[in-house]
Amino acid sequence: MIEFKHVKKAYQDNVVIEDLSLTINDGEFICIIGPSGCGKTTTLKMINRLNKINDGEILIDGENINNIEVNKLRQGIGYVIQQIGLFPNMTVAQNISVVPNLLKWGKEKIERRVKELLKLINMPYDEYAHKYPRELSGGQQQRIGVLRALAANPPIILMDEPFGALDPITRDILQDELKSIHKQLKKTIVFVTHDMDEAVKMADRIIFMESGNILQFATPEELLNKPASPIIKEFLGKISYSHNANDLTCADVMRTKVFTVNRKRKTLECINMMNQRDIGSVIVVDDDDKFMGIVTIETIKEKGVPGALIEEILDRDVKTVLINHNAKDAFDEFYDSKLDYLTVLNRNKTVAGIITKTSMAKALASLVWGENNDS
Amino acid sequence: MIVSFLNEYGSALITAILTHIKFVVISVSVGFIIAFILGIVLSRLPKLSSIVIPILSVFQTIPGLVFIGVLFLYTGIQDLTVIIALSIYAIFPILKNTYVGLITVDKTLIEAARGCGMNKFQILIRVELPLASAAIVSGIRMSTIYTVSWAVLAAMIGLGGLGEFIYRGIDTNDTALIVGGAIPAALLALAFGFIIDKIQDKLTPRGLKRE
């Protein structure tokens, strides 16, 4: 648990944070967001004492951080910065093992840990461990930056706009990876961003700061639904300008994780799989993964004979749309049909995704409150 | 012509080259140790270095001839006189490169290192010096090559080295002697430069090498 109690920070006479109090619980993913100069990075760096506080106190698990030897404190807190900050004179493995080395872990333990961490982000040890940072792409570098922070298994990770310098696609992927790492490892993460989409996507709770004060400290839903101040509203509003509803295509409103089955599956197997996933119908594809049709659970119950192949009973006459099709037209079609979802196909007839009511609502919501890039 | 020159002066030339190398190696080593430490200290003290470095660079402009001449009045004709003078001249390029190399290390890397929990000494050893090493070595290279040519002055107070050939050549109006001293001195400078480049290449991690 991280607690701020009446924390004050001033640079000479310039008071940047007047009186800040807040509590972050163990395992929470907290995003600090706000306009430039609101004190979000200042606040973050107080936690590992890169910024000294002038008054008040910060406690970690009840202990005042000023009572902990500063380097000990920092070795126990992961730190990731926007500029990545990998040491160019060290290999990937050496960069990851910086903190374990400071903690004087044994060589074997360190190597085991490096392997384990690289596995976590699917970068094979043999291929990457001995590369130097500049031999990696920006996205790979920041993955290693995150691993360096995780290396000594600290309970708290501080991240200062870690994905701010990455291109939108890479950023999106790294966000997903970080989210899954957070789920697996249950770290307390304090993450500074100026990107509301990122905050909404990542955070369990969002701290919105302005001029050194907390305007709102709430879950993403709460913040979106009931912004506590006009400044927050304006901040949310800014993001939504970047999209025009008429430009949306099916690719923008579909869900890409789709469950498909091969035409040679048996009907009973299919029922079983549908039950497991709690879905009412499946998309059937041929051996080249090309779309064939849809089978609903009702059809199977009606026409299915035990042991029969799924392709014998599938409904081939279903509406589909192409991935670059206009989203509004697709929506109209979807609305008129009785189907639970509309299948979106790539040009080569493979399944690109499905449009469901939820995916559509999400896309529309992001239009109103901002999409996950361009901000 | 070269053959007859070598026949006549061969052993004297070798002695002169060895003396020359001795002056260069000792002076650059002494200069390096002083410059390296001073460079690190100054890079920690930006206020002091804004005074010290200009003063040192003024010193640098005093001609070596004058300096050795004056020093020789106090310390007499001995190797030490030459070594002190050359060491002092060797300091500046190394000092300046060490200082600049250290203060231009990317500040975000220093912050990353602090954030990892390194203390100042660990940051210096593990991050700053490796990143400044290219600049430091090129300072050593510069000093060494300068020192090869400055060491010619040693002969001015009768302490040998390749300068002896040159001075004697000038005195006796013997071009062969002048060239016979100057060419080995030039080759020596090239050879030192080459060796230092090789060492640098060996020591630089792949991550810091330019394409």
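Phe29(A) is buried, with a relative accessible area of 0%, where buried means under 20% relative accessible area, exposed over 50% and partly exposed in between, with a 1.4 Å probe and protein chains only. The structure is a predicted model, in which local features need pLDDT of at least 70 and side-chain atom pairs count only at pLDDT 80 or more, whereas totals for chains, interfaces and linings use all residues. Residues are numbered from 1 along each chain as its sequence is written, chains are lettered from A and ligands numbered from 1 in the order in which they are written, and side-chain values use heavy atoms, with hydrogens and water left out.

Over all chains, a search of the whole structure finds seven aromatic pairs; rings of Phe, Tyr and Trp (its six-membered ring) pair if their centres lie within 6.5 Å, and planes under 30 degrees apart count as stacked, over 60 as edge-to-face and the rest as tilted. One of the pairs, tilted, is formed by Phe29(A) and Phe191(A), at 5.6 Å centre to centre and with 45° between the planes. Phe29(A) lies in strand E3 (residues 29–33) of chain A and Phe191(A) in strand E8 (residues 188–193) of chain A, so the pair ties together parts that are 162 residues apart in sequence; helices (H or I, at least four residues) and strands (E, at least two) are DSSP runs, numbered from the N terminus. Phe191(A) also counts as buried, at 0% relative accessibility.

In chain B, the ring centres of Phe67(B) and Tyr89(B) are 5.7 Å apart and the planes stand at 80°, so this pair is edge-to-face. Because Phe67(B) lies in helix H3 of chain B and Tyr89(B) in helix H4 (residues 79–103) of chain B, the pair ties together parts that are 22 residues apart in sequence.

In helix H15 (residues 327–336) of chain A, the buried residues are Ala327(A), Ala330(A) and Phe334(A). Seen down the axis of H15(A), these residues fall within an arc of 60°, so they line one face of the helix, the arc being that of the directions from the helix axis to the C-beta atoms. The exposed residues Lys328(A), Tyr335(A) and Asp336(A) are carried by the face of H15(A) turned away from its buried side.
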